[in-house]
Amino acid sequence: MSGQFSSYTLIRAAAGSPVGLSAPKEGVFAMPSGICKVKDGPNEAAADAFINAYLSPEIQTILVEKSFVLPTNPSATIPPGFAQPGDPFVPDWGYVNKNRAAWIERWNQVMA
C-alpha cells in the first residue's frame, strides 16, 4: 500500500470502521509534507510568512481534518474520532539542516 498509513486508517476509523492505528513505543513522526524555503529566494519575508501560516494551529487543524495526518503543531485541534498514537516526535529541522552535509559525506564514505 502506498501513501501515508495514517491517511488510510484514520479516515476509516473516524467513519466508524473497526480499524485502528498503532505506533512503536518510541513514537511516531509528525511533519508537514512538501514545505521548504528556497535559499536566496526572491522574497524571503513572504516565504517566512507563508511557512509560519502553514505551521499555525489554524492551518494545521485544517490539514488534519482534510488529510487525516498528525499535525506538526501540537496546538492544532484534533477532530473527534482521530486517535493520536502517543506523543509525536517533531524533528529539529534546524539541527538536521546544520548537520545534513556532514551526514551525507559520512554516508558516502561508509557506503563507498
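This is a predicted model: local features need pLDDT of at least 70, side-chain atom pairs count only at pLDDT 80 or more; totals for chains, interfaces and linings use all residues.
I count a contact when heavy atoms lie within 4.5 Å.

Residues are numbered from 1 along each chain as its sequence is written, and side-chain values use heavy atoms, with hydrogens and water left out.

**Overall fold.** I found four helices and zero strands, in the order α-α-α-α along the sequence. Helices (H or I, at least four residues) and strands (E, at least two) are DSSP runs, numbered from the N terminus.

**Burial.** I then checked burial (buried is under 20% relative accessible area, exposed over 50%, partly exposed in between; 1.4 Å probe, protein chains only). Of the 112 residues, 21% are buried.

**Helix α3.** In α3, residues 57–67, I noted Gln60, Thr61 and Val64 as buried. Seen down the axis of α3, these buried residues fall within an arc of 105 degrees (taken from the directions from the helix axis to the C-beta atoms), so they line one face of the helix. They pack against α2 (44–54). On the other side of α3, I see Glu58 and Lys66 exposed.

**Helix α4.** My last stop was Met111, which sits in α4 (residues 93–111). Met111 is exposed, with a relative accessible area of 52%.
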